[in-house]
Amino acid sequence: MITERQRQQRVEGIGASEVGAILGLDPVRSAYDLWALKTGKCEESENREESEAVKIGNLIEPTVAALAEERLGVKLVKPTATYKHPNGIMFANLDRQMRRAERGALPVELKSTGIVDGWGEDGSDVVPNRVLLQVTAQMMCSGATAAKVARLLGRFGLSFSMYHVNLDADLAQTIDERVCQFW
């Protein structure tokens, strides 16, 4: 769940979760939609921050974090700081970090979904493109070289999976270039 301060920061740059729209890989929002939102030409459509799916995701986030802690065998910490990329444009508000909340510590992105498309086998590095862009941007902003993605899948019951994504330097460069061009 984002704070009011984080909500205000969103108009001052590009958040990790917005990178997919810029690269045309967000199934809900286009680059034009993001531009219109950032420039004040429109407001958030249908108040995405208050949708039922977002509310449920926020409520079960502690459960997904607890499952990730159990699987990883380490303490997860909820960072309170916003990590900013050296380009001055991108920022990331991380769900959790492993062991400590500091630059370079491994981010852990928490997801709850009923969508199976784009997800690989438990333990793999195969996540949907939008999620890959988000965690890559998070790594770029936080100085990490890898990230974990914890997914609670609600489909014909519940199941939990963990994914490990290493920083791809070429993808990071593409994200940096495209975000700077967009901004």
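Student: How many aromatic pairs does the structure hold?

Tutor: The structure holds two aromatic pairs. Keep in mind that this is a predicted model.

Student: How is such a pair described?

Tutor: Two things describe a pair of aromatic rings: the distance of the centres and the angle of the planes. Take tyrosine 32 and tryptophan 35. Their ring centres are 5.6 Å apart and their planes stand at 35°, so this pair is tilted. The cut-offs explain the label: planes under 30 degrees apart count as stacked, over 60 as edge-to-face, and the rest as tilted.

Student: Is tyrosine 32 buried or exposed?

Tutor: Tyrosine 32 counts as exposed, because its relative accessibility is 57% and exposed means over 50%. Tryptophan 35 has a relative accessible area of 36%, so it is partly exposed.

Student: Which residues form the other aromatic pair?

Tutor: Tryptophan 119 and tyrosine 163. Their centres are 5.1 Å apart, with 45° between the planes. This pair is tilted too. It links distant parts of the chain, as its residues are 44 apart. Tryptophan 119 is in the loop between β6 (107-113) and α5 (129-142). Tyrosine 163 is in strand β8, residues 158-166.

Student: Are tryptophan 119 and tyrosine 163 buried or exposed?

Tutor: Both tryptophan 119 and tyrosine 163 are buried.

Student: Let us turn to the strands. How do strands of a sheet pair?

Tutor: They pair through backbone hydrogen bonds, either parallel or antiparallel. Here, five strands form an open sheet with mixed pairing. Their order is β2-β5-β6-β7-β8.

Student: Which are the edge strands of that sheet?

Tutor: They are β2 (76-77) and β8, and each pairs on one side only. Further in, β5 (residues 96-98) and β6 run antiparallel, joined by two bridges. There, glutamine 97 stands opposite proline 107 of β6.

Student: How many bridges join β7 to β8?

Tutor: Nine bridges join them, and the two strands run antiparallel. In this pairing, leucine 152 faces phenylalanine 160 in β8. The two strands form a hairpin, with three residues between them. Phenylalanine 156 lies in the turn and has a positive phi of about 55°.

Student: Which residues does valine 149 touch?

Tutor: Start with its place: valine 149 is in strand β7. Its relative accessibility is 0%, so it counts as buried. Leaving aside residues up to four places away in sequence, its contacts include Glu109, Lys111, Val131 and Val165. Trp119 and Tyr163 are also among the residues it touches. Lysine 111 is 38 residues from valine 149 along the chain, yet their C-alpha atoms are separated by 7.3 Å.

Student: In what order do the strands of the three-strand sheet stand?

Tutor: The order is β1-β4-β3, an open sheet with mixed pairing. Its edge strands are β1 (14-15) and β3 (83-84). Two bridges join β1 to β4 (residues 90-92), and these strands run parallel. Isoleucine 14 has methionine 90 in β4 as its bridge partner. Helix α5 lies across β3 and β4, running at about 95° to β4.

Student: Now the whole chain. How many helices and strands are there?

Tutor: There are six helices and eight strands. From the N terminus, they run α-β-α-α-α-β-β-β-β-β-α-β-β-α. The radius of gyration is 16 Å, close to the 16 Å that the globule rule gives for 183 residues, so the chain is as compact as a globular protein of that length.

Student: What share of the residues is buried?

Tutor: Buried residues make up 44% of the 183. The accessible surface of the chain is about 9,900 Å², and 51% of it belongs to carbon and sulfur atoms.

Terms used
Residues are numbered from 1 along each chain as its sequence is written. This is a predicted model: local features need pLDDT of at least 70, side-chain atom pairs count only at pLDDT 80 or more; totals for chains, interfaces and linings use all residues. Side-chain values use heavy atoms; hydrogens and water are left out. Rings of Phe, Tyr and Trp (its six-membered ring) pair if their centres lie within 6.5 Å; planes under 30 degrees apart count as stacked, over 60 as edge-to-face and the rest as tilted. Buried means under 20% relative accessible area, exposed over 50%, partly exposed in between (1.4 Å probe, protein chains only). Helices (H or I, at least four residues) and strands (E, at least two) are DSSP runs, numbered from the N terminus. Two strands pair if DSSP finds at least two bridges between them. The radius of gyration is taken over C-alpha atoms; the globule rule is 2.2 Å times the number of residues to the power 0.38. Accessible areas come from the Shrake-Rupley method with a 1.4 Å probe; for residues, only the protein chains shown count as cover. Contact means heavy atoms within 4.5 Å. Axes are lines fitted to C-alpha atoms, for helices over the stretch in contact, and angles run from 0 to 180 degrees between N-to-C directions.
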